[in-house]
Amino acid sequence: MYRFYNYEGGIYKSNVIEEKIEDLGGYILRKEKHSRELNLLFAVPEEDIDVIKEISDEIKGEIKKRDLIGTEIAVVSPSISRHHLPHPVCDIAERLRREGASTSIISTARGVGRRISQITREEKIMIEEYDAGVFIFGEFEDCILDYKKDILKEIKVPKIVVGGPQIKNLESADTYIGDVGRKTKRMRKTREQRKLDEITNALSECISKKREEIREDPLSVSPIEVKRIVEESGIHEKSDSHSPILLHLDGLRIKLPYDEYKQEVSEIDVYGKKLGEIAELRKSQRETDDIVVKIHTESYLEQVKETKLKVS
Amino acid sequence: MNIEVRGQDKSGNESYKEIAENLISESNISTLINKAEILAEPQEPFFIISIATEGVRSTKKVEDISILDESDEGCQVIIKDERYATDLLSKLWEEFGKSDVEQSERLKIICHGVSCEEIEDLELEPEEEMRESIINLIWQIIPEGFRVRKSFVSNDKVTMLASEDRLKEKWIKKANNIHEDNMDE
């Protein structure tokens, strides 16, 4: 199974690492050069990372495991008003991006207040397109414990909730982190930076658990391999986005209009099968109508095969 | 500046004190605010905020804050108190149009083709602008979901009661008491 890592080090001899990653069947997801420094986000099979680490040690680089690479995270705020934006929503999203995640900010239409706060079905579906959600709540304990938690109930993806009061256990949330409620300034203080670290760690933990679940019931093809195959088909070049294909834990987001490209994408050949056969293609709830690809598990495909045999 | 926050939710009170402090210090009227009082009871639910100001500028006539001098080009307005400069310039633009009003120096405005008689009786109402700024500030501080609001306004003070439910008589009384208490001080 592929794991995601980050290499930071000098450019000198870094091509050795790049070549090794490719030799091992790995993928370089992002490569950023700053003067003589190189930042590389890559994925390699878990059992092969020691080989890369050896080379990295030789050239005095550093390799860190980054669970958030290859995920798309929704940062959800109760509204788009100045009460909740830009801080702390953007501070959290920025920190998650630094850790390698792709983030989107979603503001609910009627998420403010206590009794009146609500989430629509469309908003729930939209949040569930992502691998996990970070929800920002307000300052009053009573509001969060008695009302806001209901917003989370039916959302199936991992949920990290942040808010002002210190609450030990928030029902319906995977983790609750206090002291991050309404912010009027950037989260620059050491105490606040630690809170951002806490959010990142909690989210990484949730993502690791999710990856373990996937490992127990593996996908028929790894999303990273599907991404490469879709890129080789060249269809992503029709998208205006600078990152036309985003990795999810169990699939991809292809930033092309669903109605127009669904057929073409589902016909792409993935190791002898059509993409439409090994994955479900959904229309995103986002205004851009992206194609959300959810790859089926091996067990599911086996089950379908058996059912077909019985019928015939 | 004194900010007092009361209510049953202690952690909420501390957070709102910080929010109010930050928003007031970032506002353009921070130096004029004397006291802010908040009563937050989210269980009820209501939120009362009262902001008292000091040194509110009263309505001024242009001739009180400037020296008017008739010239060939028109009326020359020499501002005596710089605090009124922007308000005065805006007022003159509003009355005579931007093309005829020229600020030639920091404290000197020439109104082309306008006689001093036309200008001397004009009045500036900084109070109104100030009240607007305070209300904007209050809107930023109170929880966003509390959209049913009632405000109490007097010369040097604005108090607002907000809730997400219909306003109860006892809350209105509380808000009124806070408003009047602050006024006495």
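Across the interface of domain 1 of chain A and domain 3 of chain A, the rule finds zero salt bridges. A salt bridge here is a side-chain nitrogen of Lys or Arg within 4 Å of a carboxyl oxygen of Asp or Glu.

This is a predicted model: local features need pLDDT of at least 70, and side-chain atom pairs count only at pLDDT 80 or more, while totals for chains, interfaces and linings use all residues. Residues are numbered from 1 along each chain as its sequence is written, chains are lettered from A and ligands numbered from 1 in the order written, and side-chain values use heavy atoms, without hydrogens or water.

Chain A is assigned domain 1 (2-65), domain 2 (72-212) and domain 3 (223-306). Those bounds come from an automatic or database domain assignment. Over C-alpha atoms, the centres of domain 1 of chain A and domain 3 of chain A are 27 Å apart. Five residues from each of these two domains make the contact; contact means heavy atoms within 4.5 Å.

How much area do domain 1 of chain A and domain 3 of chain A bury between them? About 420 Å², with 77% of it on carbon and sulfur atoms. Buried area is the accessible area (1.4 Å probe) that two parts lose on being put together, summed over both. Y2(A), Y27(A) and L29(A) stand out: they supply 87% of what domain 1 of chain A buries here, more than any other three residues.

Strand 1 (2-10) and strand 2 (27-34) of chain A each give at least two residues to the side of domain 1 that touches domain 3. Strands are DSSP runs (E, at least two residues), numbered from the N terminus. By class, that side of domain 1 of chain A has five nonpolar residues, no polar and no charged ones. Ala, Val, Leu, Ile, Met, Phe, Trp, Tyr, Cys and Pro count as nonpolar, Asp, Glu, Lys and Arg as charged, and the others, Gly among them, as polar.

Definitions and conventions
Helix = DSSP H or I, 4+ residues; strand = E, 2+ residues; numbered from the N terminus.
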